[in-house]
Each structure stands twice: as C-alpha cells, then as structure tokens.
Amino acid sequence: MGKIIFYEDRNFQGRSYECSSDCADLHSHFSRCNSIQVDSGCWMVYERPNYLGYQYFLRRGEYPDYQRWMGFNDCVRSCRMIPQHQGSYKMRIYERADFGGQMMEFTDDCPSLYDRFHYNDIHSCNVMEGHWLFYEHPNYRGRQYLLRPGEYRRYSDWGGMNPRIGSIRRITYPN
C-alpha cells in the first residue's frame, strides 16, 4: 500500500491532501502543488486530470518544491500508484506503429537507445512483464512516460508527442 501527501506550498506547508490510491482528479482537494512527500510506494503524478499531460515518477522521499521532481510548474491534477512487481521484466519495442518493422526485446534498463541500437524512434511497444519508464533523452532525463503491462500501438498511446525516446528504465522498488 502506498501513501503520498500533496502540499499547496513549498517545504510541506499550507493545505495538504493525503492519498493512498489512484486519483483521476485531484483539483477538488488542492489548487496548486508545491511540495510532495512520498511515505511509501512509487507514484506517477500528472499535470492534468485523467492521467494526462506531463508525467513525473516519484519514489519514497521528500520533494520540498516542484523543481525537485523535475516539474515545470505547480500543477498536479492526477496521480497513480505503481504496484510493486515481483519477477522478471519484459518489453518489446518496434520501429513502426502497430508492431511493425524491427523489434527489440528488453529485460533490463537501457541508458541510451541510440548508443546501443543506433536509432531512438519507437512507434509501438508491448509490455509483457513489469512497469517501465520511457525517457525523452539518454541517461534517464527529460519527459517521462509510464508504461504498464499492455499493448501500445502508437506513441500517442503512452502520451508521447513524438516517437523519440532516449532511454528506458524498469520501475523497481528498493529492497
């Protein structure tokens, strides 16, 4: 079970809201979010309601201002808890939409798709096991996209604005 606390002001001040499950619309609980405390679990917070817009991955810890979670502003409108995964990780990426073109299978993190495979446009993907993060740039930087188990027939299915992905990481819980 996870627990995340949102605060309207920096440094865990002002009105707060505690959450222990997915919430598609946080707007009724607070108007802005300037700090977050993750007591347990891993979470994805979203800039817009219904798990849309910029996505930010948060582990257990304290984030005294939105720059600490790489946020662009104080707008958080939905959140999703990422369940702990036991077992192996497996994902296939494809260079074309609808699982077309060259396919590559991943069971581990990849800090630079381009360095390893000489291309970084991913148009579709199938997550068979575990939860994964796509990052816009190499070395786990830039915009983030949560990929849960399932099929993603085009990059817009995971919220991407374009097919460019720089790095891939499994979501693991610390021991």
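**Notebook: salt bridges and a hairpin**

I began with Lys3, which forms a salt bridge with Glu18, the closest N and O atoms being 3.8 Å apart. This pair links distant parts of the chain, with Lys3 in strand 1 (residues 3–9) and Glu18 in strand 2 (residues 13–19), 15 residues apart.

A note on ground rules: this is a predicted model, in which local features need pLDDT of at least 70 and side-chain atom pairs count only at pLDDT 80 or more, while totals for chains, interfaces and linings use all residues. Residues are numbered from 1 along each chain as its sequence is written, and side-chain values use heavy atoms, with hydrogens and water left out.

For my own reference, I count a salt bridge when a side-chain nitrogen of Lys or Arg is within 4 Å of a carboxyl oxygen of Asp or Glu. By this rule I get 12 salt bridges. Strands (E, at least two residues) are DSSP runs, numbered from the N terminus.

Next I looked up accessibility, calling a residue buried under 20% relative accessible area, exposed over 50% and partly exposed in between (1.4 Å probe, protein chains only). Lys3 is partly exposed at 27%, and Glu18 is partly exposed too, at 48%.

Then I turned to Asp22. Which residue does Asp22 form a salt bridge with? I found Arg80, the closest N and O atoms being 3.9 Å apart. Asp22 lies in the loop between strand 2 and strand 3 (35–40) and Arg80 in strand 7 (residues 78–82), so this pair ties together parts that are 58 residues apart in sequence. Is Arg80 buried or exposed? I have Arg80 down as buried, at 13% relative accessible area, whereas Asp22 is partly exposed at 36%.

Asp98 sits in the loop between strand 8 (90–96) and strand 9 (100–106), and Arg154 in the loop between strand 13 (150–152) and strand 14 (167–170), so the pair ties together parts 56 residues apart in sequence. I noted Asp98 as partly exposed at 42% and Arg154 as partly exposed at 36%. Shared partners join Asp98, Glu151, Arg153 and Arg154 into one network of salt bridges.

Last, I checked a hairpin. Strand 11 (residues 132–137) and strand 12 run antiparallel and are joined by 5 bridges; strands pair if DSSP finds at least two bridges between them. Trp132 stands opposite Leu147 in strand 12. This hairpin has 3 residues between the strands, and Asn139 takes a positive phi near 60°. In strand 12 (residues 141–147), 5 of the 7 residues are buried, so this strand is largely enclosed by the rest of the structure.

Methods:
Helices (H or I, at least four residues) and strands (E, at least two) are DSSP runs, numbered from the N terminus.
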